[in-house]
Amino acid sequence: MAHSYARAWLWRAAAPCALPVFAGLTVLLIPLAVIGAHEASTPTASSGCSIGGTGATVAGIELDAVQMGHAQTIADVAAARGLDAYAATVALATAYQESRIRMLANDGSSLELTGEQAAVTATSLQYPHDGRGSDHDSVNTFQQRWLAGWGTVAELMDPVYAAEAFYARLVEVPNWQTIALTQAAQAVQVSAAGGAYARWAPLAQELTAMLWPTAQAAAAPAGAAPAVCPGLPVAAGAWIRPTAGTVTSGYGSRGGTLHAGVDIAGPRNTPVYAAADGTVLRAECTSDYCDRDGSLSLAGYGNLVDLGHGNGVTTRYGHLSAYTVTAGQHVAAGTLVGFQGSTGNSTGVHLHFEVRQDGAPVDPVPWLADRGVDLRALDAG
Ligand SMILES: [Zn+2]
């Protein structure tokens with residue numbers, strides 16, 4: 001039994017095989033938005049529970065799953081550097097002002113750029129992004145500029161690097177912990193947009209309060225308990241997208257054999273949730289080993305969770321880095337069942353998700369679409 005719940009969920013966007021990381025995340029919001037109407041008075045999450053990866057309303061501002069994921073990264077990097085929570089607050093206010101906490105590529109169309117500079121800037125489009133801007137050579141959540149020495153375009157398009165770069169400059173600002181947030185942010189950003197940062201201080205403070213416990217848990221030595229939400233609030237009877245990420249491989253024939261499910265790829269250890277109410281039929285390692293990543297020469301689903309939903313319908317969650325349920329347990333839609341990994345017959349971090357009717361696989365994309373969940377809803381542009 002190779003599962004280890006102690007494996008903290010870190011929002012590590014830099015995982016090499018998680019290329020289409022952020023594109024598909026907002027789809028998680030669809031079921032949440034639906035239930036919002038029913039459970040408007042229910043708090044989104046306790047402060048000790050990670051909500052990175054699901055949307056939330058913070059200080060009156062609606063943030064979607066993509067924004068919350070980036071916000072968690074920004075907090076995680078501060079905690080990992082041993083900075084105090086105020087550093088995350090300054091960074092979050094800055095990122096909201098600069099990009100609304102979205103990973104922006106840049107098409108290089110600014111007239112300020114030479115042709116050569118434009119071409120280099122436009123290479124940012126090759127990296128995962130949530131949208132595009134065109135301000136000079138600015139990219140990413142903080143709108144950092146490669147021409148101003150912040151790093152290469154490739155580096156700047158890594159959300160972890162972007163946060164690292166921000167903090168590296170922040171700690172060089174004299175008295176950054178005691179001067180006004182706006183002054184600190186302005187000193188880092190060398191921006192004329194002075195007062196604008198202060199406007200987002202309440203948002204940034206509340207966000208920090210929500211994300212900091214998880215950031216600290218992630219930064220703690222191995223073995224510390226992670227603070228991942230045990231479940232999402234989902235209306236009874238509803239189906240939901242089981243995990244954040246992008247569909248990287250669909251259902252169908254693949255080199256003569258049936259790919260019996262759909263692959264959804266997000267960062268390593270992205271939470272995986274029960275797609276509907278059900279019972280755990282099994283939760284176990286189905287390969288020769290599951291304590292580390294598998295390969296194409298290893299058979300099996302790795303760490304696998306199967307859920308039964310009644311009427312002959314089952315769902316299957318493969319290649320998990322770890323699972324958090326046991327056979328026989330009843331789960332509600334939205335219950336955490338494990339984390340995205342690459343155990344078993346797998347070459348990169350993803351969730352292999354199947355839907356079966358009386359044991360026979362069906363294409364999960366139309367299946368979920370019929371139930372109001374569009375796995376392919378988003379292609380960032
Ligand atoms: Zn698959």
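Predicted model: local features only at pLDDT ≥ 70, side-chain atom pairs only at ≥ 80, totals over all residues.
Helix 2 (65–80) and helix 3 (85–99) pack at an angle of about 150 degrees, with their axes 9 Å apart. Helices here are DSSP runs of H or I with at least four residues, strands are E runs of at least two, and both are numbered from the N terminus. The axes are lines fitted to C-alpha atoms, for helices over the stretch in contact, and angles run from 0 to 180 degrees between N-to-C directions. That angle makes helix 2 roughly antiparallel to helix 3; the cut-offs are under 35 degrees for roughly parallel, over 145 for roughly antiparallel, 65 to 115 for roughly perpendicular, and oblique for the rest. The crossing is right-handed, a label used when the near helix is turned clockwise from the far one by less than a right angle, with anticlockwise being left-handed. Ala71, Ile74, Ala75 and Ala78 of helix 2 meet Ala87, Ala88, Ala91, Leu92 and Ala95 of helix 3, where contact means C-beta atoms, placed from the backbone, within 7 Å.

A word on the model itself. Residue numbers start from 1 along each chain as its sequence is written.

Now follow helix 3 to its other partner. Helix 3 and helix 6 pack at about 120 degrees, with axes 11 Å apart, which makes helix 3 oblique to helix 6. Helix 3 passes helix 6 in a right-handed crossing. Ala87, Val90, Ala91 and Thr94 make the contact from helix 3, and Ala163, Phe166, Tyr167 and Leu170 from helix 6. Leaving out residues up to four places away in sequence, Phe166 touches Ala91, Thr94, Phe142 and Val188.

Several of these names come back in the largest nonpolar core, which has 52 residues; Ile74, Ala75, Ala78, Ala91, Leu92 and Phe166 have the most contacts inside it. Such a core is a set of buried Ala, Val, Leu, Ile, Met, Phe, Trp, Tyr and Cys residues joined through C-beta atoms within 7 Å. Buried means 20 or more other C-beta atoms within 10 Å of a residue's own, exposed means 12 or fewer, and partly exposed is in between, with C-beta atoms placed from the backbone. Helix 2 gives the largest share of this core, 9 residues. Apart from it lies another core, of 36 residues, including Ile240, Ile264, Leu304 and Leu368.

Helix 7 is worth a stop too. Thr182, Ala184, Ala185, Gln186, Val188 and Gln189 are buried there, and their cover includes helix 3, helix 6 and helix 8 (196–199).

Over in the strands, 6 of the 8 residues of strand 14 (residues 313–320) are buried, so the rest of the structure largely encloses this strand. Strand 14 runs antiparallel to strand 13 (residues 303–308), joined by 5 bridges; strands count as paired if DSSP finds at least two bridges between them. Asp306 stands opposite Arg316 in strand 14. The two strands form a hairpin with 4 residues between them, and Gly310 in the turn has a positive phi of about 85 degrees. Another 6 bridges join strand 14 to strand 18 (residues 351–357), again antiparallel, with Gly318 opposite His352.

Conventions: Contact = placed C-beta atoms within 7 Å.
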